[in-house]
Amino acid sequence: MATTYRTCPRTGLQFDLAAEKLMRWNAVAGVLWLLVGGITALLVILTRWPAIKLLPADQFYLILTAHGIDMLILWIIFFEMAVLYFASSTLLRCRIATPALAWVQFWLMVVGGIMTNVAIFQGGSSVMFTSYVPMQAAPHFYLGIILFAVGALIGCGVFFGTLVVAKREKTYTGSIPLVTFGAMTAAIIAVFTIASGAAILIPTFAWSMGWIKEIDAQLYRMVWWALGHSSQQINVSAHVAIWYLVAAVAFGAKPLSEKVSRFAFLLYILFLQLASAHHLLSDPGMSAEWKVLNTSYFMYFAVLASMIHGFTVPGAIEAAQRRKGFTNGLFEWLRKAPWGNPVFSGMFISLVGFGFIGGISGVVLGTEQINMLMHNTFYVPGHFHATVVVGTTLAFMSVTYLLVPTLFKREMIFPKLCQIQPYLYGISMIVLSLVMMGAGTLGVSRRHWDMAFSGAPFQYEWPGAAYLMMGLTGIFGVIAVVGGGLWILLVVGSLLFGKKLDGGATSDKPTPIPDQTAAAAASATGSEEHTNVPGTVVLAITLLVCFVLYYFVNWKYLSEVWGLS
Amino acid sequence: MSAILPPSQRLWWKQPIAGQEWAWIGIAFVWAMIMFVMMVYWHINGKQNLSNEVYRTTTEMYTAKTDAFVKENTIRTETELNIPVVRPNAKNEAYLLARLWSWYPILELEAGKTYKIHLSSVDYNHGFSLQPVNINIQVIPGYEHVVKMTPTKAGTYAIVCNEYCGIGHHTMLGRIYVK
């Protein structure tokens with residue numbers, strides 16, 4: 001089969017038409033699941049808002065299960081498949097390996113996703129995203145996730161195959177680009193994650209069919225979280241790769257040092273898998289030594305990697321801006337950044353929100369002893385809405401403003417609304433995360449239908465501040481849903497009604513990078529040439545100060561509770 | 001567009017790293033080590049560490065142990081459900097059983113004394129969330145977790161279940177008195 005390539009006249013990016021179609025379908029499937037996830041988010045928020053309490057208990061738990069699965073798995077992994085194909089075939093300017101197999105990936109994930117959702121909405125599988133045994137869901141709940149995971153595994157295989165194709169057909173020289181390297185990190189972690197998922201979900205499926213009598217509840221938690229948490233590390237790698245991508249596209253930014261950035265990704269590959277321990281710190285079954293070593297990703301080396309990216313991404317932007325002449329003071333480069341461009345604004349809010357809110361709260365939550373203050377409280381979803389939503393989802397949203405014109409050949413409709421959307425969504429989601437963490441600090445439980453405990457034999461009255469935090473959660477949650485809904489409307493509207501753009505020339509051979517594009521102008525690049533980045537140093541030190549203060553404040557809290565030994 | 005292109009210096013790993021980056025990597029590394037040592041330090045000098053004393057158990061075994069403990073040490077019953085209020089035994093041990101959807105029994109402790117509280121579930125996962133102190137421990141069926149607790153202040157405390165355990169999850173509220 002002949003391969004046809006198209007070179008986008010606006011960006012210089014080259015698309016294999018077979019790969020392009022796969023990217024589009026995967027991205028669109030992701031957006032549709034985000035829509036389902038968004039509707040369920042609204043219902044969850046309106047139920048946990050104490051003044052409204054919309055749904056009855058059974059429907060609340062059903063909807064909450066759907067929200068977790070549809071957002072954390074279906075939306076994000078579909079979009080990541082598009083990212084993997086983009087980072088391999090488009091960035092390496094080569095054909096995609098085995099497009100037919102890639103369609104198997106797509107359809108398996110579609111069938112699996114629908115199957116699991118059918119199980120949830122039939123009502124017998126309200127077991128939450130985590131589906132801890134011995135609570136049992138219908139067999140097709142597990143089977144759907146297994147099929148979906150097999151699909152994702154095939155997608156990773158196609159990605160690796162495409163790397164081989166590019167290498168063999170010599171479509172690039174030297175090493176793969178940093179963004180592709182980041183995507184490769186994500187794909188490697190994905191393979192580990194899916195293997196863990198298979199190791200636990202296949203026996204669990206057999207158990208739900210009655211073929212196996214029992215699954216140890218503690219063992220399930222340990223292996224399941226090697227799927228559950230590691231899959232979030234796929235997201236981290238993917239969205240960090242997208243930060244570098246946006247910095248490159250919006251500013252022509254070069255990594256401060258290829259070596260440092262790639263080494264940081266390597267640390268992710270080596271250590272991020274240990275995170276299943278984060279969920280077992282207050283469990284009976286593991287020793288303290290095991291917990292300390294694993295929760296810290298072996299002495300915090302993966303945290304170190306994130307702190308490095310947190311420096312090099314804004315550093316690359318600052319260096320590029322300074323080279324363009326924005327050299328006044330510490331922050332002219334940042335003030336004069338294109339804040340009206342949603343590709344940049346979304347990416348930058350994602351970076352800051354992930355680092356300051358998601359990152360710091362994650363490390364504190366993952367500290368062995370401090371975890372006892374927060375385990376299973378509302379702090380936990382507060383934390384991961386800052387990482388997975390502000391970090392990953394917002395990064396994906398922002399890169400979509402770039403992809404719609406180049407990949408879908410459509411102009412975005414309502415440019416003014418596009419400008420507002422990342423602020424509306426990003427800021428409301430950051431505040432939402434903070435108030436959720438506030439409620440959790442006061443003890444409020446996650447996955448809990450009724451703060452008033454109606455029907456319980458006793459009463460317990462939460463502090464008034466907890467009700468305030470939950471009310472604010474409701475308000476900012478609704479604003480965030482509006483912000484997310486706006487993005488879906490803008491994207492779907494643009495795909496249907498946006499002005500059609502010229503797709504560019506096609507050819508049956510890969511073409512070299514065309515002249516007069518941003519790609520060409522920056523082609524003779526590599527590590528940044530030692531531009532000082534004082535603004536980034538100030539930002540990084542600010543992060544560190546917040547981090548240290550918040551970390552020790554929590555040790556202080558811990559020292560005041562009952563003695564435990 | 002450089003992070004999306006192959007590095008132009010083919011030997012990128014031989015490029016020097018700028019001083020500012022080295023400095024940040026150094027600071028971040030030191031902070032990572034401090035955080036790591038902090039957890040170890042707290043095991044040596046901190047007063048809040050989760051116990052590692054755990055035994056395998058079964059629904060029948062744990063129910064029998066709890067029933068025997070309740071039978072011997074009950075001091076009164078409360079509410080129209082006649083939930084027993086139980087003092088720890090002479091060895092300062094107490095049993096707390098989690099089930100759909102209650103914490104059984106009510107415990108009555110004394111401030112400043114150290115107790116061995118046995119925790120387990122006889123059905124699903126449950127979450128021991130002591131409020132308003134805010135101590136949270138996972139309770140897993142098949143595992144008997146023996147946690148040493150030293151209450152600091154007199155009062156009435158609630159045990160909220162904070163691990164989702166089905167439709168009656170929100171009614172699963174227990175109680176501990178501290179005198």
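1. Let's start with the contact between the chains, bearing in mind that this is a predicted model. On the chain A side, 93 residues are in contact with 78 residues of chain B. Helix α10 of chain A (residues 297-323) supplies the largest share of the chain A side, at 7 residues. By type, that side splits into 55 nonpolar, 28 polar and 10 charged residues.

2. The chains also share some strand pairing. Strand β4 of chain A, residues 563-564, runs antiparallel to strand β10 of chain B, residues 143-150, with 2 bridges between the two.

3. Now for chain B by itself. How many helices and strands does chain B have? The count is 2 helices and 12 strands. Reading from the N terminus, the order is α-β-α-β-β-β-β-β-β-β-β-β-β-β. The radius of gyration of chain B is 24 Å, whereas the globule rule gives 16 Å for 179 residues, so chain B is more spread out than a compact globule. Along the principal axes, the C-alpha atoms of chain B fill a box of roughly 80 × 40 × 30 Å.

4. Two more figures for chain B. Burial first: 48% of its 179 residues count as buried. As for contacts in chain B with a separation of 6 or more, 55% of them join residues 24 or more positions apart.

5. On domains, chain B is divided into domain 1 (17-45) and domain 2 (53-178). The C-alpha centres of these two domains of chain B are 39 Å apart.

6. The largest nonpolar core deserves a look too. It has 257 residues, and the ones touching the most other members are Tyr244(A), Leu245(A), Val246(A) and Ala247(A). Helix α2 of chain A (residues 57-90) gives the most to this core, namely 24 residues. Why can the core be said to lie between domain 1 and domain 2 of chain B? Because both domain 1 (17-45) and domain 2 (53-178) of chain B give residues to this core.

7. Finally, zoom in on Tyr244(A). What is Tyr244(A) in contact with, leaving aside its neighbours within four places in sequence? Within chain A, the partners are Leu178(A), Val179(A), Gly182(A), Pro255(A) and Val313(A). From chain B there is Ala3(B).

Conventions:
Residues are numbered from 1 along each chain as its sequence is written. Chains are lettered from A and ligands numbered from 1 in the order in which they are written. This is a predicted model: local features need pLDDT of at least 70, side-chain atom pairs count only at pLDDT 80 or more; totals for chains, interfaces and linings use all residues. A nonpolar core is a set of buried Ala, Val, Leu, Ile, Met, Phe, Trp, Tyr and Cys residues joined through C-beta atoms within 7 Å. A residue is buried if 20 or more other C-beta atoms lie within 10 Å of its own, exposed if 12 or fewer, and partly exposed in between; C-beta atoms are placed from the backbone. Helices (H or I, at least four residues) and strands (E, at least two) are DSSP runs, numbered from the N terminus. Domain bounds come from an automatic or database domain assignment. Two residues are in contact if their C-beta atoms, placed from the backbone, lie within 7 Å. Ala, Val, Leu, Ile, Met, Phe, Trp, Tyr, Cys and Pro count as nonpolar, Asp, Glu, Lys and Arg as charged, and the others, Gly among them, as polar. Two strands pair if DSSP finds at least two bridges between them. The radius of gyration is taken over C-alpha atoms; the globule rule is 2.2 Å times the number of residues to the power 0.38.
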